[in-house]
Amino acid sequence: MISRDKAPTAQETFMQMAQAAGLRGRLLVTVGILILIRLGIFLPVPGINRELFGQAIQNNSAIFGLLDIFSGRGLSTLGVFALGILPYINASIIIQLLTTAIPALENLQKNEGEAGRRKISQITRYVSLGWAIVQSVAFSAFFLQQFAVNPGPVFVAETAIALTAGSMFVMWASELITERGIGNGASLLIFVNIVASLPKSLGDTIDLVQVGGREIVGRVIVLILVFLATIVGIVFVQEGTRRIPIISARRQVGRRVLAEQRSYLPLRLNQGGVMPIIFAAAILSLPLLLANFSKNPDLINIVNNYLSPGGSAPWAYSLIYLISIVFFSYFYSSLILNPVDVAQNLKKMGSSIPGVRPGKTTSEYIERVTNRLTFLGAIFLGLVAIIPTAVESSLGVPTFKGLGATSLLILVGVAIDTAKQVQTYVISQRYEGMVKQ
């Protein structure tokens, strides 16, 4: 009988993290870069009237709320890292959409292996640079210039260069975390930025409770309970899997006859993780920014009403947000899992799904199951993202504005993915130590 080692407990994992030199080095790299990025947020862009700019941010909180949280309050403080990782995320969206439309990019991703992925990463960096230049120039010329001490082309050029350089540094730092640290760099940066906004939200909530009395206390308690239930739902969605049974045929290797083996193919309920939420939020933020840059009051009111959670038509925002999440869930699922490739690999290994013919029938069966799982996961993900925001608005507790279910989804999802990476690294090191002995 083959014995299987149990997964290490939390205490064992932390002990091995402290003892493993390689993992300790990765953690130090990750923490050091995250601290550096946090410090860069407070390096101010020169030539701005901070008082007037702060008032404008408060007046346009519906537009800048979520973006400010994603940048770790870098937008409201107007540091050199004000754009943060958002240009890189937007560029990733553009490239991944183009990958399905341009055969050359699709060939790089599917058939060129590691070299193809490196080329796509390099293309994404160039697109990030171009997108950062467009965003920084538009932000400087159409919004920041009205708060400039000495407005003009020189101010726009200097500010755009500073913001673009800051965004490129953040992109480089995120890739460095992914390569030499722990977890996905871009996701971790957003995670830390959201966590950095928690003290202010909690402080504002405490002040509101002290002023509002028992009625506000009850509303805050209800909101906290909704957030806790949301976290449970998020964990359920992130960890939910459908196990498809697989049978490997009896094989003869030399003189040995290997018996029929049974295993399973795990299909996640939410293949895309937190990325559909991040992409949907980034897409919805673009019309708000463009409308604000246009300085057209009618356009700004229309966009605020229909694309803002605090607008006069929250049903429209919720519907568009839900559709965006469903779209990106299907899109990411198609990128991560290709049913045809899975069916071909199963056929090459002499494996099959019970009751399903190998080949095309297997790929159709996997695609059908994946589509159902993705639909259920996307709808549940969308509801989890929408309901807490609606409850927050109905209870009249504005202190967590911007820090709603979207932020919770990102926090919990990134925490789960990073913890799994750490645990996988610990287990691999433990087995390496056993082999050496």
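## Close-ups of a predicted model

**View 1. Thr 124 and the residues it touches.** Setting aside neighbours within four places in sequence, Thr 124 makes contact with Tyr 88, Ala 91, Ser 92 and Ile 95. This is a predicted model, and here Thr 124 belongs to helix α8, which covers residues 113–142. Is Thr 124 buried or exposed? Its relative accessibility is 7%, so Thr 124 counts as buried, the cut-off for that label being under 20%.

View 2. Count along α6 and you get 16 residues, which at 1.5 Å a residue should span 22 Å. The C-alpha atoms at its ends sit 23 Å apart, so the model agrees with that expectation.

**View 3. Where α6 meets α7.** Two packed helices are described by the angle between their axes and the distance between the axes. For α6 (residues 86–101) and α7 (residues 103–111), the axes come within 6 Å and cross at roughly 100°. That angle falls between 65 and 115 degrees, so α6 and α7 are roughly perpendicular to each other. On the α6 side, the residues taking part are Leu 98, Thr 99, Thr 100 and Ala 101; their partners in α7 are Pro 103, Leu 105, Glu 106 and Gln 109. Sorted by class, this contact has four nonpolar residues, three polar and one charged.

**View 4. Val 195 and Leu 408.** Val 195 is part of helix α10, residues 185–212. With a relative accessible area of 35%, Val 195 is partly exposed. How far apart are Val 195 and Leu 408 in sequence, and how far in space? They are separated by 213 residues along the chain, while their C-alpha atoms are 10.0 Å apart.

**View 5. Zooming out to the protein.** The model has 17 helices and five strands. Of its 437 residues, 46% are buried. Among contacts with a separation of 6 or more, 76% join residues 24 or more positions apart. The protein exposes about 23100 Å², with 63% of that supplied by carbon and sulfur atoms.

Key:
Residues numbered from 1 in each chain as written. Predicted model: local features only at pLDDT ≥ 70, side-chain atom pairs only at ≥ 80, totals over all residues. Heavy atoms only, no water. Axes fitted to C-alpha atoms, helices over the stretch in contact; angles between N-to-C directions. Helix = DSSP H or I, 4+ residues; strand = E, 2+ residues; numbered from the N terminus. Parallel < 35°, antiparallel > 145°, perpendicular 65-115°, else oblique. Contact = heavy atoms within 4.5 Å. Nonpolar A, V, L, I, M, F, W, Y, C, P; charged D, E, K, R; others polar. Buried < 20%, exposed > 50% of the residue type's maximum accessible area, 1.4 Å probe, protein only. Areas by Shrake-Rupley, 256 points an atom, 1.4 Å probe, with all protein chains shown as cover. Expected span 1.5 Å × (residues − 1).
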